[in-house]
Amino acid sequence: MRFAKLLPNCNHAFCRCCRVAPLHLGGANTAILGREIDGYTEFVETKWLEDFVSLAETRSFSRSAQLRHVTQPAFSRRIQALEAWAGVDLFDRSSYPTRLTAAGATLLSQSIEILGQLQAARNMLRSHQSAGQDMIEFAVPHSLAFSFFPHWLMDLRQRFGALKCRLNALNVHDATLQLSEGNCDLLIVYHHASQPLQLDPERYQMASLGYETLAAYAKADADGDPLFRLPGRPGQKLPFLSYASGAYLGRLVELIVKASAQPLNLDAIYETDMAEGLKAMALEGHGLAFLPASSVKQELRSKRLVQAAARGEFELNMELRIYRERPDVSRRNKPVALALWSFLTATP
């Protein structure tokens with residue numbers, strides 16, 4: 001996000017001399033607040049405020065970046081963008097752990113209030129919706145949106161019947177926020193005991209949809225063997241296509257690497273948040289990537305990709321889970337969503 005113009009003479013995050021421009025949306029789950037001075041408008045994204053509140057709570061850039069499911073450099077840039085918008089330092093970086101400046105403490109209370117007011121306003125607006133009661137809204141991480149969801153939905157329609165749905169494909173953090181903020185009916189995510197979602201079981205219900213394997217894959221050579229095979233040879237590192245730091249599947253790959261009885265000779269040459277991006281790179285022969293089995297079914301059948309290790313080695317099993325708010329506290333008790341949940345939990 002680039003600013004039209006910074007305000008050199010204003011050191012306040014919010015001040016009465018600033019005329020507040022209309023609120024508009026800046027992508028999934030992101031509102032943008034603007035203020036106009038002398039014909040110029042400067043914007044701040046609500047996700048920056050959410051980042052700011054997280055850092056104020058954890059006092060650790062690395063921990064907050066992990067909680068916000070972004071890389072630490074990207075998280076730091078967003079905090080810096082907020083400070084550029086505010087015109088003052090919000091954190092004292094000379095201390096450890098990081099602590100708020102006086103200006104940061106002022107902004108913290110206002111940020112919490114603003115985020116709460118925005119969410120309350122959104123909830124009130126959505127409560128006026130009369131249409132779409134027959135439309136189920138799903139929040140799903142990108143990796144599941146491309147691979148698992150289309151096949152699951154086709155099978156579900158054959159067993160459950162006609163179904164209208166809207167899919168919001170996001171990262172794991174934002175998909176979970178969709179449910180916790182009342183912006184979707186159902187959330188589908190991967191689950192592993194080492195990386196549980198922080199969803200209160202007293203407010204949210206869960207059902208299992210099955211299991212998925214995360215394993216290493218690489219392009220096949222002319223003989224059908226992987227171009228790159230784990231664990232690699234000493235002194236000869238394998239080109240590794242990696243998930244970005246903070247990505248949910250990336251943390252599971254780290255578990256695989258740490259659990260290996262022998263060191264894996266991996267050289268991370270590329271990283272991205274999305275499994276589909278890693279698969280595309282693997283198909284071109286750039287290196288090996290750890291991918292969910294459901295995302296490579298077609299490539300395995302056509303032998304464009306093959307497993308980069310013996311079956312059962314360097315793998316991890318994940319559970320596929322679906323969540324909803326409990327009906328007694330839910331803000332979105334659509335009859336069709338209730339019927340689908342009853343069907344899913346009654347079906348063996």
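Trainee: In which loop is the place of Lys303?

Mentor: Before anything else, keep in mind that this is a predicted model. Lys303 sits in the loop that runs between helix 10 (297–301) and strand 13 (305–307). What sets Lys303 apart for a close look is its backbone: phi is near 65 degrees, which is a positive value in a residue other than glycine. For background, most residues other than glycine have a negative phi.

Now hop to another loop residue with a positive phi. Arg59 has phi near 60 degrees, and this too is a residue other than glycine. You'll find Arg59 in the loop between helix 1 and helix 2. With 37% relative accessibility, Arg59 falls in the partly exposed class.

Arg59 also leads us to Thr98. Setting aside neighbours within four places in sequence, Thr98 is in contact with Arg59, Phe61, Phe91 and Asp92. Thr98 itself belongs to the loop between strand 4 (91–92) and strand 5 (99–100). Its relative accessible area is 10%, and because the limit for buried is under 20%, Thr98 counts as buried.

There's one more loop with a backbone feature to look at. The peptide bond from Leu230 to Pro231 is cis, with omega near 10 degrees. Pro231 is placed in the loop between strand 9 (204–219) and strand 10 (238–243). As a general rule, most peptide bonds are trans.

Let's go back to helix 1, on one side of the Arg59 loop. Two packed helices are described by the angle between their axes and the distance between the axes. Helix 1 (residues 46–58) packs with helix 3 (residues 72–86) at an angle of about 105 degrees, and their axes are 9 Å apart. That angle makes the two helices roughly perpendicular. On the helix 1 side, the contact is made by Lys47, Trp48, Leu49, Asp51, Phe52 and Leu55, while helix 3 brings Phe75, Arg78, Ile79, Ala81 and Leu82. Sorted by class, the residues of this contact are 8 nonpolar and 3 charged, with no polar ones.

Helix 6 and helix 11 pack at an angle of about 95 degrees, with 12 Å between their axes. Those two are therefore roughly perpendicular to each other as well. From helix 6, Trp152, Leu156, Arg159 and Phe160 meet Ala339, Leu340, Phe343 and Leu344 of helix 11. Here the classes come to 7 nonpolar and 1 charged, again with no polar residues.

Phe160 lies in helix 6 (residues 148–160). Leaving out residues up to four places away in sequence, Phe160 touches Ala339, Leu340 and Phe343. Phe160 and Ala339 are 179 residues apart along the chain, yet their C-alpha atoms are separated by 9.4 Å. At 23% relative accessibility, Phe160 counts as partly exposed.

Rolling a probe the size of a water molecule over the atoms shows where empty space is left. The count comes to 1 cavity of 30 Å³ or more, and the largest cavity has a volume of about 120 Å³. Its lining has 13 residues, with Asp185, Arg324, Glu325, Ser330 and Arg332 nearest the centre. Strand 14 (316–325) and helix 11 (335–346) are the elements that give two or more residues to that lining. By class, the lining of this cavity is made up of 6 nonpolar, 2 polar and 5 charged residues.

Finally, the largest pocket has a volume of about 850 Å³. It is lined by 25 residues, and Leu67, His69, His173, Leu177 and Gln198 are the closest to its centre. Helix 1 turns up again here: it gives two or more residues to the lining, as do helix 2 (61–67), helix 4 (102–127), helix 7 (172–180) and helix 8 (248–259). The pocket lining divides into 10 nonpolar, 9 polar and 6 charged residues.

Conventions:
Residues are numbered from 1 along each chain as its sequence is written. This is a predicted model: local features need pLDDT of at least 70, side-chain atom pairs count only at pLDDT 80 or more; totals for chains, interfaces and linings use all residues. Side-chain values use heavy atoms; hydrogens and water are left out. Axes are lines fitted to C-alpha atoms, for helices over the stretch in contact, and angles run from 0 to 180 degrees between N-to-C directions. Helices (H or I, at least four residues) and strands (E, at least two) are DSSP runs, numbered from the N terminus. Angles under 35 degrees count as roughly parallel, over 145 as roughly antiparallel, 65 to 115 as roughly perpendicular and the rest as oblique. Contact means heavy atoms within 4.5 Å. Ala, Val, Leu, Ile, Met, Phe, Trp, Tyr, Cys and Pro count as nonpolar, Asp, Glu, Lys and Arg as charged, and the others, Gly among them, as polar. On a 1 Å grid over the protein atoms alone, a cavity is a set of points where a 1.4 Å probe fits but cannot get out, and a pocket is an open set with protein on both sides within 12 Å along at least five of seven lines; lining residues have an atom within 4 Å of a point. Grid points are joined across faces, edges and corners, and a volume is the space filled by probe spheres set on the points. Buried means under 20% relative accessible area, exposed over 50%, partly exposed in between (1.4 Å probe, protein chains only).
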